[in-house]
Amino acid sequence: MTVLLPFVINAGLNFVLGLLIAYFLGPAEFGRYAIGAAMLVLLNTALLDWIRLSAVRFYSQKTREEQPQIRATLDVLSAGITLALCGILVAAVVAGVDFGLPVMLVAGSVLGGICAGLFDYHGAIARARFLDAAYARLIIVKNVLALLLMVGGAWWTRDATVVMFGGVLSAMAALLAVRRALADGPLAWSAARRDLASDFARYALPIVGANAIYSLIPLLNRSLLADSNGFAEAGYFSLAADMGLRLFGMLATTLEIVMLREVLRLDETKGVRAAQKRIAANFVIVLMVSLPVAAGLFLVLPAFEALLVPAKFHGHFSGYLQLLLPGLVALAVFAAGIYPVFLLGKRTGLVTLAALAGLLVNLALVFSAGALGPERYALGQTLSFLVVLAITGWVGLRSLPVSLNWREIGIIIAAVVAMAIVVWPLSGRLSPLPELLVQGTLGLAVYGGLMLAFDVARCRTLLRLWLAMRKSRR
């Protein structure tokens, strides 16, 4: 599908983006940038993400034609919040508020949060209308310009503030590139409806509360680590956390793009039970993709670090990422495999409670395990995400009308173990590039071969059908 192409590009560019910014800024300045970036994510999540979530759930090609007031309400809400945030920022700067960081870095974070929220909202609109070409243009323009402006700014100035504003400009340019393709009409304040805005808030705010807590945990840990151990240590931690979150965040979002819209379509056409059955089947696919990625990254981490990570971050990067990996894969499994249960049933309060429990676990470990040193911040984040997965998984999966396919889940776990047994002995035997290529190829062959051999999630059957269709077209 066309929608997958921008995500392949997006994942690759985001990975390269973070590594290059870290390379040019260095640990201390990258630590400042990472705190600003975490502020950006928290602001976007807490104040704007509920509009994106409402668009995903309530806006479609059908409602676009039959209920134009839905899009009008969404547009007015996004415009109103944007204006309000800009006004608050100007007032705070004029009043001389002490942010604890450079004023322009904070301004870049706020404007970046606004642009990120508008970017995500318009991406949701494109996906809801199946405008894959417009969605691809939105993603590609943003990421290519981000690579040029943010990395170029880091190289030219070695200043985190310049990097933040490069991200702002890239998002604005991407929005302008798809403005006409995604517009339903001129912005009409009078067409917006207060009752619809209330419906959106009641639906999305519990999820937003949970996501805001997930965003607060990295910001809190980075800020506390910078206070206790300096910005350089915060930079070491942040690079590992950012690379992991980028990889597994993109993984979860890609799976959501491919699978969630089919779940919502089934709910709209065949009813909630058919959609719930699809969620149960999709959960196996989520594990089939997420678990080998996590295990594979752990196995190739020495070669990956030596080859791609800036030299000033060596040792620190792999040490932190190893501790963060279980939590990152837990977050991906929750977002792509379990979150749709609560999204479909509009029962999102439990998600917020689970996130709050995770935050409390993180805080307890951070403040009570000082003997562990800086590593406690990574362990706290990991345990918090594992708690969220345990709570939501127990409740969400038990509410489905069908049981999970435990046979296929067992095969997936066994295949990951087999892959690890084959790949692990190669670690440290070759120079980084050949080692990474050999480990990746061998791991893919072992794991992929077992998935095809046992036809997990009907992958062998679907491959045969695809090959037969290609042959018939010749």
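Buried residues are those under 20% relative accessible area, exposed ones are over 50%, and partly exposed ones lie in between (1.4 Å probe, protein chains only).

## Basis of the model

This is a predicted model, in which local features need pLDDT of at least 70, side-chain atom pairs count only at pLDDT 80 or more, and totals for chains, interfaces and linings use all residues. Residues are numbered from 1 along each chain as its sequence is written, and side-chain values use heavy atoms, with hydrogens and water left out.

## Ser318 in helix 12

Ser318 belongs to helix 12, residues 316–345 (helices are DSSP runs of H or I with at least four residues, numbered from the N terminus). Because its relative accessible area is 13%, Ser318 counts as buried. Apart from neighbours within four places in sequence, Ser318 has contacts with Leu301 and Glu305 (contact means heavy atoms within 4.5 Å).

## Packing of helices 2 and 5

Helix 2 (residues 49–58) packs against helix 5 (residues 103–128) at an angle of about 5°, and their axes are 8 Å apart. Helix 2 is therefore roughly parallel to helix 5, a term for angles under 35 degrees. Where the two helices meet, Ile51, Arg52, Ala55 and Val56 come from helix 2, while Asp120, Tyr121, Ala124 and Ile125 come from helix 5.

## A nonpolar surface patch

Val144, Leu148, Leu149, Leu169 and Met172 make up a nonpolar patch on the surface, with about 430 Å² of accessible area together. Such patches join nonpolar side chains (Val, Leu, Ile, Met, Phe, Trp, Tyr) within 5 Å, from residues with over 30% relative accessible area and no salt bridge.

Helix 6 (132–157) and helix 7 (160–177) each supply at least two residues of the patch, and helix 6 gives the most, with three. Val144 is located in helix 6 and is partly exposed, with a relative accessible area of 37%.

Note on methods: Patches are made of residues with over 30% relative accessible area and no salt bridge: like charges are joined within 9 Å, nonpolar side chains (Val, Leu, Ile, Met, Phe, Trp, Tyr) within 5 Å. Accessible areas come from the Shrake-Rupley method with a 1.4 Å probe; for residues, only the protein chains shown count as cover. A salt bridge is a side-chain nitrogen of Lys or Arg within 4 Å of a carboxyl oxygen of Asp or Glu. Axes are lines fitted to C-alpha atoms, for helices over the stretch in contact, and angles run from 0 to 180 degrees between N-to-C directions. Angles under 35 degrees count as roughly parallel, over 145 as roughly antiparallel, 65 to 115 as roughly perpendicular and the rest as oblique.
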